[in-house]
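Have the structure open as you read.

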Amino acid sequence: MKRKPYKRISLGVMILTLAAVLCGCGGGAGSSTVDTSSKETAEPAASASADHEFTFGLDSAIASVDPHVDTDAATRSVLFNVFEGLVKVTPEGDVAPAVAQDYKMSDDAKTYTFTLRDGITFQDGKAVKASDVKYSLERSAKINGDSSALSVISDISCPDDKTVVITLKSADSEFIYNLTTEILEEANDKDQGSKPIGTGPFKVAEYKEGEYIDFERYEGYWNKDLDCIDKAQIKFYDKADTAFTELKAGSIDAMWQMTPDQVKSLGDGYNVVESTMKLVQGLFINNTYEPFKKVQVRQALNYAIDRDAVDKLLLGGGSKKINTYGYPSVPEWYNADTEGTYKYDVDKAKQLLADGGYPDGFDLEITVPNNYNLHVQAAEIMKEELAQIGVKVTINPVDWSTWLSDVYQGRKFQATVIGFDFTSLAPSTWYVHYQSKSDNNMVNFSDADYDKTYDEAKTETDKDKKKELYNKCQQILTDQAASVFIEDPVNYIVLRKGYTGFASYPIYVIDLSSIKAE
Amino acid sequence: MKYLIKKFIALIITLLVISMLTFIAFSLIPGDAVLSRLGINATPEAIANMRAQMGLDDPVIIRYFRWLAGALHGDFGQSMRYSTMTVSQLISSRLPVTIIMAVMSLIIIALISLPLGMLSARVSGKWLDGLISQVTQVIMSIPSFFLGILLTVVFGLIFKVFDVGGYVSPDKDFWGCVHFLILPATAVALPRIAMVVKYLRNSVVTEMKKDYVRTAVSKGAGKRWVLYRHVLRNALIPVITFVAMVVAEILAGSLVIEQVFNIPGMGRLLVSSISTRDYPVVQAAVLYITAIVVIINFIVDALYQVADPRIRNA
């Protein structure tokens, strides 16, 4: 019995310690929690911290800040704000002078002469010299090798600090589109990977690998008329869902590639910009897979898949449906006549399948990259549709790295759902994808007529004739049903009220300089 | 001392074996770091150049020994995805937040589960015990990603007491970081609290049925005295083992919770490095986790001896 007081004391001490710890933790947390909530109610849009104002949520991370080394879609879309080429892509789907003031192409399309813009500077304040241009083009050409569009250059000379003369090995009337190649500062050669210095409207204030990149306006930017936000952040996410929750909670201000349902659930308080994703999304089929060697079978698939239904189920129906490998967002090089060739028709599909020797259908494995919801869901819809004509689909989801090595590089697949974006406005860089010998000819399409027409189109210098030839290329892809080209998916971009703008480009970019604070 | 040396050698051997297994496993799965980084627009030359630069053209065995030689000197190489960063830089930028979150989760677990487990044991068989076991059952069966989303929606979107996406790195604002981590740490802690409560309760209830308890009670000791002086000590041994597993698990970084809350910790780094085939980073992260598990097991051994002198003598 004597021990009881001791027990009480020790228990008391324990409880007191616990309570103290609890209060210490909880108290601190509690008070700051109250702070945040009161701040939030006072200014609902006050997500901006002192470091940045506008925050855009991107569902993938960029690979580096070196635009010559990393040419993947995410990195390009972000670094567009920091770097410029001699020319720059415009929202209208053309190129306009950027680092260059103007240029002249010789009549034989072999010599291009550029005059640099007066007073143009790098973001460290140093003037851009002709030698920087030469350095940049040579650097990019070296990194990307003989297959790069710049490998056609035979010589770059700099008669003076403001003039660059580029001579080509052979005539290339599309060459100007490839001069969006970013101009970097030669003096920064050792640090291009860690210290980005470009000529663009925004400079990098801070970059945290896999987390975010902070931008601030470059005061010395050549276009003084630019009216846009001063600071911005692009934040990277592993999953778009996480970004969406943060958008709802108010900690980020904008996102793209939203579904109509997501847009609806946001309610008022946001500005919505409708654009397209600048992708050719489709069911890409391996033309060397036994059933697909028959054109009738390929056409049957095209008739069996209801593009409108796919679009409606995926994205509510706002996408641009296509029947060829072309980018409707660049009308200049797009053959609109191919549209509507394959109208949904199950009977016709069955007939064609029988004609091709597969009256009872066949087994088909569709390999999809599991990180892209859009493509996984599309594959599921197509599975149902193809079942109607007896094609028994199994879906094989793989991770992105596996997809790249097995499907894209290895071409070990029967069919896949994916979207192709494009890096350059030069049409030859897209249509090369179906040339039989091309490294990018993932679907193993082989057509002598296509190869011939492509070669002619590429070298043709007359623009009208060129367009005609590229139109013919696209017609061949449609007629031969090289794959099931579905759509350029609609892209809903959402900006919190208080911000407007977000220019829509023919390529995949986030142009921060188009965003204004109201 | 001898004991320590023995344990240390065991640690080294474990690390060696694990590093070898990880390397082999990684060379067997499809995909490589360069392809996944450069994507579909890269030219074949760009891919070949980068492969050569990163030494990916060499056979696995050579790459392994090159890696091992570096690792023995404390150099874990460059990240392949983020080639301007060394693996050590990348990990040391991700480790602090994971450790802070782990410590917070552990505090929450200890503060809630120990009293609750004891309470549940004391009232075992009564309605309160039933209620506690029902609630813990429910919490244990919620998948952690869903729990994370649920907490975010309730506290972030409805009550607005949690700043969704308000993560700040600890070196910029330590207390801001701690503040943000309260909810994620709770999400990590909740299912484990439920498990520890269940474990502790059962362990105590089993102990309470033993002879020495009856002896103590018949000696005239009060119920509480018996519970805290005699039973708890014995009941804790299995619980320590379990908690140690929890500690190791949490220190490895929460794969799911870090993604749901967009926290740049070890868990997210490991997941993204695996998906981008950034094997130097994966290698180092796996070794870190292995080391944690081995070291914690060592600590558990030591704790056993404190809790039960018989183990010390044996």
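Start with chain A, where strand β1 (residues 54-58) and strand β11 pair in the parallel sense, with two bridges between them. Keep in mind that this is a predicted model. Which residue of β11(A) partners G57(A)? The bridge partner is M255(A).

β11(A) also pairs with strand β19 (residues 490-496) of chain A, this time antiparallel and through three bridges. Here M258(A) sits opposite Y492(A) of β19(A). So is β11(A), spanning residues 254-258, mostly covered or mostly open? Mostly covered: four of its five residues are buried. As a general point, side chains in a regular strand alternate between the two faces of the sheet.

Stepping back to the whole of chain A, you'll find 13 helices and 21 strands. Of its 518 residues, 48% are buried. Take the contacts in chain A between residues at least 6 apart in sequence, and 69% of them join residues at least 24 apart.

## Where the chains meet

How many residues does each chain put into the contact? Chain A brings 48 and chain B brings 45. On the chain A side, the elements giving two or more residues are α1 (4-42), α3 (130-144), α4 (240-249) and α10 (400-409). The biggest giver is α1(A), with ten residues. By class, the chain A side has 13 nonpolar, 21 polar and 14 charged residues.

What covers them? Just past the end of α10(A), R411(A) has a positive phi of about 55 degrees.

## Helix packing in chain B

Over in chain B, α8 (residues 174-208) packs against α5 (residues 87-122) and also against α10 (residues 223-251). Two packed helices are described by the angle between their axes and the distance between the axes. Here are those values:

| Helix pair | Angle | Axis distance |
|---|---|---|
| α5(B) and α8(B) | about 35 degrees | 6 Å |
| α8(B) and α10(B) | about 160 degrees | 8 Å |

α8(B) is roughly antiparallel to α10(B), because their angle of about 160 degrees is over the 145 cut-off. Their crossing is right-handed. The residues in this contact include V188(B), R192(B), V196(B) and Y199(B) from α8(B), facing a set from α10(B) that includes V231(B), A235(B), P238(B) and F242(B). By class, the contact has 14 nonpolar, two polar and two charged residues. A helix turn takes 3.6 residues, so residues three or four places apart point the same way.

What about the other pair? α5(B) passes α8(B) in a right-handed crossing. That contact has 24 nonpolar, five polar and two charged residues.

I29(B) lies in the loop between α1 (2-28) and α2 of chain B.

Methods:
Residues numbered from 1 in each chain as written. Chains lettered and ligands numbered in written order. Predicted model: local features only at pLDDT ≥ 70, side-chain atom pairs only at ≥ 80, totals over all residues. Axes fitted to C-alpha atoms, helices over the stretch in contact; angles between N-to-C directions. Left-handed = near helix turned anticlockwise from the far one by under 90°. Nonpolar A, V, L, I, M, F, W, Y, C, P; charged D, E, K, R; others polar. Buried ≥ 20, exposed ≤ 12 C-beta atoms within 10 Å, placed from the backbone. Pairing = 2+ DSSP bridges. Parallel < 35°, antiparallel > 145°, perpendicular 65-115°, else oblique. Contact = placed C-beta atoms within 7 Å.
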